[in-house]
Every structure is written in C-alpha cells, then in structure tokens.
Amino acid sequence: MAEDKLSFEQQYTFNLLSTKRFTFQHDPKTLELLMKWSMLGRITTQAFKFDQPFQSYRRNDFALNFFQDPCVKNNLKVLDTSGSWTPLGRDITHVKVEVVPCSKVSVDIFDPIYSNGILHPSGHIFKCYHEIYPDFDELRMILLEEDSDNYHIISPSNRQEFLFRLFKHLVLGGELCQYEDIIDPYIETGKIIYKDLVSVQKDPDTKEISVVSTILKVSAYDRDGLCYPSATENEQTFAYLCIDPFKRHVYVLYHSFGIGDISGNVLPSF
C-alpha cells in the first residue's frame, strides 16, 4: 500500500506566471508608503503555477520541489549583498517550513488596538519612552515588548495570523524606516497586500466567505547553509509562499531588510 501511495506522489513542477499583476506593486500611494518605510526596492511578489493538486500534508515536499525546480531556480528573485536583484541560482538541499494561520476576512483583528490607550481618538499613535529607542510609540511597544502593559491585548493566536504578520512587517519597516504618526496607512497597506496574496471563496448556502489559501513561511538552504531569503537572519527578512489550491498558483512574498530605494525604481529586473 505504501508503494502504491508513493507512486502518485510525484514531484511538483512550476512555471513562472510573468504577466500576473499585484496591485500593491503598481499603486502609487502604496509605493510612496513603502519608500517612506524603507522597504521599496527590497520587497517583491512573484507568481508561479504548479502542475498537480496541493495536499497540506505534502507542504514540505511542495516547498522543497519549489526551490529545486529549474524554473524557480532561474527566475525567483533575491537581493544579493550589494543590493542587486539576481535569480536564486542555488542548489537547494533542504528547506524549513512554517505553516502560518490565515483565516481572517476582515480587519477586526485590529479592534483591540483602538481601545487600549494605543491610539488617540483621531487614530494618532501615542508616543512613549523606550530605554533604547529615542523615538518610540505604543504601537511598536505592543508589537515588540512582551513585558509591556498592553502586549496581551492581541491574543497569541491572532499574532500568528498572516494578516497581523503583514501589519507588523509594515510597521517595523526597513533599516531607515520613517514611522507613521497614525495607524491607518499600516492597516490599509496590509489589506491591499493581503488581498493580492490570499484567495477566498463564498459558501453558496450560508454566503459566508472563507480563506482557501495555505500560507507557508519558508527558508531554504544549500550546502553552505541558509541562503534564502538571505544568508543573514532578521525578523524583517522573510519569504512567504501563498498557495491557492484551486488555481494551482503560488505567490511568493519576499522582503530583505536593509536600506530601501528612494529613486523610484520599484520592480526588480535581471
């Protein structure tokens, strides 16, 4: 029986969907904010199509097949140490895969932030003292400091959600991030990116909308060690595979922490 099962579990193969358009990469307002947050030119999204049904229990196989696929090897974009975009071009030996919860179809996950002394009624973020960072605020306090008074207002399960992770990545930004005084740009930009990457469906009977995508946070290794999304680990250097099992599409969200582009060159090319 085991042999019969294995005979059906062939390798996934992938093809680049070069014409796939992601809204956030072309929206002028979003690009302006990414520039302000020092993420422009260091964040990108790509789309690939795969050839057989996605099974959640095969997520590790899926990720390894993805990084070992010749099309991915020649087309997946990464930033090298000089800040230039290059193809992955590595012989990947193994991967690390984390399943990221993704169930949210509204932004009510952020409701507790509005009612616990984090924001003024206007939506402006309260400033606060931090012993290390001179210009700090209550929003970053609840994102980073587990001992802070308000850290508990976001439940552990909601902190793991993909929507909240996107929000946190945007708030923390890149190396020369200029932080917002109000919360709205973070939430609105997070929504745009989330809608670009996450697929949903409506139940024909109940009319309820639910997420169908599977989100994997991934790292890849070659013979020399960690090489993707970067050889250097940083909370703000990340890669997510966003898998639509019905379209058989996988969208890659990639960001490498560093000094963002201020020239307006937003789309990597090589």
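This is a predicted model: local features need pLDDT of at least 70, side-chain atom pairs count only at pLDDT 80 or more; totals for chains, interfaces and linings use all residues.
Reader: Okay, and C128, how far is its sulfur from the closest cysteine sulfur?
Author: That distance is 15 Å, to the sulfur of C177, so this pair is too far for a bond as well.

Reader: How many disulfides does the count come to, then?
Author: Zero disulfides.

Reader: Are C102 and C128 buried or exposed?
Author: C102 counts as buried, with 13% relative accessibility. C128 has 17% and counts as buried too.

Reader: Changing topic: how many residues are in the largest nonpolar core, and which have the most contacts inside it?
Author: That core has 45 residues. The ones with the most contacts inside it are L34, I113, L139, F162, F167, L197 and L253.

Reader: Nice. Which elements give two or more residues to this core?
Author: On the helix side they are α2 (28–36), α5 (138–144), α7 (162–172) and α8 (184–197). The strands are β2 (43–50), β12 (238–244) and β13 (249–255).

Reader: And which one gives the most?
Author: α7, with seven residues.

Reader: Back to L34: what is it in contact with, leaving aside neighbours within four places in sequence?
Author: L34 is then in contact with F24, M39, L40, I43 and L170.

Reader: What lies apart from that core?
Author: Another core, of 28 residues, including F48, C227, L241 and V252.

Key: Residues are numbered from 1 along each chain as its sequence is written. Side-chain values use heavy atoms; hydrogens and water are left out. A nonpolar core is a set of buried Ala, Val, Leu, Ile, Met, Phe, Trp, Tyr and Cys residues joined through side-chain atoms within 4.5 Å. Buried means under 20% relative accessible area, exposed over 50%, partly exposed in between (1.4 Å probe, protein chains only). Helices (H or I, at least four residues) and strands (E, at least two) are DSSP runs, numbered from the N terminus. Contact means heavy atoms within 4.5 Å. A disulfide is a pair of cysteine sulfur atoms within 2.5 Å.
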